[in-house]
Amino acid sequence: MFAELNELLGDFADRPKHGKLTLLGATKTDASFLVHHFLSFYLKGVGLTAAKERGQLVFLEGLKVSHDVLFSKRQEPAEARPFQFISGDGSNLKALYEFVQAALSLTAGGDSWKGSVLIVDDLSVFLSLGVKLTDVLDFIHYCRVTVNTLLKGNTVVMVRGSEDSEDEENELLAKALRHQANRILWAEGLATGFCKDVHGQLTIIHHGSWEEKAKRDLRQVYQYKIQDKNVSFFARGMSAAVL
């Protein structure tokens with residue numbers, strides 16, 4: 001049986017709840033399709049260009065902004081340079097948080113989605129840029145207070161699993177977010193290597209709320225195949241290659 005991601009997420013896709021943190025993860029694979037799914041889901045089918053023109057989407061291209069900070073000769077005020085931490089001591093994400101606040105004030109109250117959504121792809125990059133783990137965790141904490149608590153919106157965060165067992169900070173970041181997340185979608189490459197019919201494995205974990213202490217965490221595991229325009233999911237061992 002083949003399914004799409006919305007079907008696997010069940011009630012969340014039909015009746016998305018506000019104030020939640022969804023953690024996306026990837027180990028030894030490219031899980032960009034997860035980010036694309038949530039971006040399309042929250043925009044409700046509106047194209048990216050149209051969403052930007054309508055003020056429904058504010059997109060910050062980290063690579064371009066980083067280049068401008070390092071090589072641009074133009075003098076801009078601090079608030080116009082959310083990635084200014086790159087040229088400093090690498091530990092102050094205040095300007096980036098203020099950019100997020102400003103962007104949320106522009107998109108809040110849109111017609112297509114009742115509530116703001118923050119998608120970060122990916123949080124692990126900050127560690128690679130020299131930002132301290134505590135500062136990364138503080139940044140996402142303040143973002144969640146603003147998005148989840150004040151605006152009753154949702155936060156979606158991507159982290160990359162490290163293939164290097166000695167990358168302790170990245171593992172601590174992923175572990176901290178696992179404990180905070182209401183929902184986890186973690187993609188992994190196949191242990192057996194490349195297969196044309198199965199591209200990886202996706203684990204979905206739904207954490208029960210504190211009010212539902214008796215409810216156990218729901219854990220589901222699927223394999224998937226990335227196609228031209230969509231991703232197909234199926235139970236382990238049910239791919240065409242096996243059958």
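## Basis of the description

Because the model is predicted, local features need pLDDT of at least 70 and side-chain atom pairs count only at pLDDT 80 or more, while totals for chains, interfaces and linings use all residues. Residues are numbered from 1 along each chain as its sequence is written, and side-chain values use heavy atoms, with hydrogens and water left out.

## Helix H9

Helices (H or I, at least four residues) and strands (E, at least two) are DSSP runs that are numbered from the N terminus. Helix H9 covers residues 168-180, and at 1.5 Å a residue its 13 residues should span 18 Å, which agrees with the 19 Å between its end C-alpha atoms; the expected span is 1.5 Å times one less than the number of residues.

The buried residues of H9 are Asn170, Leu173, Ala174 and Leu177, where buried means under 20% relative accessible area, exposed means over 50% and partly exposed lies in between, with a 1.4 Å probe and protein chains only. They cover an arc of only 95 degrees around the axis, which puts them on the same side of H9; the arc is that of the directions from the helix axis to the C-beta atoms. On the other side of H9, Glu168, Lys175 and His179 are exposed. The buried residues pack against strand S1 (21-27), helix H7 (124-128), helix H8 (133-150), strand S3 (154-160) and strand S4 (183-188).

## Nonpolar cores

A nonpolar core is a set of buried Ala, Val, Leu, Ile, Met, Phe, Trp, Tyr and Cys residues joined through side-chain atoms within 4.5 Å. The largest such core has 32 residues, and those that touch the most other members are Leu123, Phe126, Phe139, Val157, Val159, Leu173 and Leu177. H8 gives the most to this core, with 6 residues. Apart from it lies another core, of 22 residues, among them Ala26, Phe38, Val156 and Met158.

Leu173 of H9 touches Leu123, Ser124, Leu127, Leu133, Val136, Leu137 and Val159, when residues up to four places away in sequence are not counted; contact means heavy atoms within 4.5 Å.

## Aromatic pairs

The structure holds 8 aromatic pairs. Rings of Phe, Tyr and Trp (its six-membered ring) pair if their centres lie within 6.5 Å, and planes under 30 degrees apart count as stacked, over 60 as edge-to-face and the rest as tilted. Phe33 and Tyr224 form a tilted pair, at 4.9 Å centre to centre with 55 degrees between the planes. Phe33 lies in helix H3 (residues 32-43) and Tyr224 in strand S6 (residues 218-226), so the pair ties together parts that are 191 residues apart in sequence.

Phe33 also forms a tilted pair with Phe233, at 6.3 Å centre to centre and 55 degrees between the planes. This pair links helix H3 to strand S7 (residues 231-234), and its two residues are 200 residues apart.

## Single residues

Gln201 lies in strand S5 (residues 200-206) and, at 18% relative accessibility, counts as buried. Leaving aside neighbours within four places in sequence, Gln201 is in contact with Trp186, Ala187, Glu188, Val221, Tyr222, Gln223, Tyr224 and Arg236.

The peptide bond from Asp121 to Asp122 is cis, with omega near -10 degrees, and Asp122 lies in the loop between strand S2 (117-120) and H7. Lys28, in the loop between S1 and H3, has phi near 60 degrees, a positive value in a residue other than glycine.
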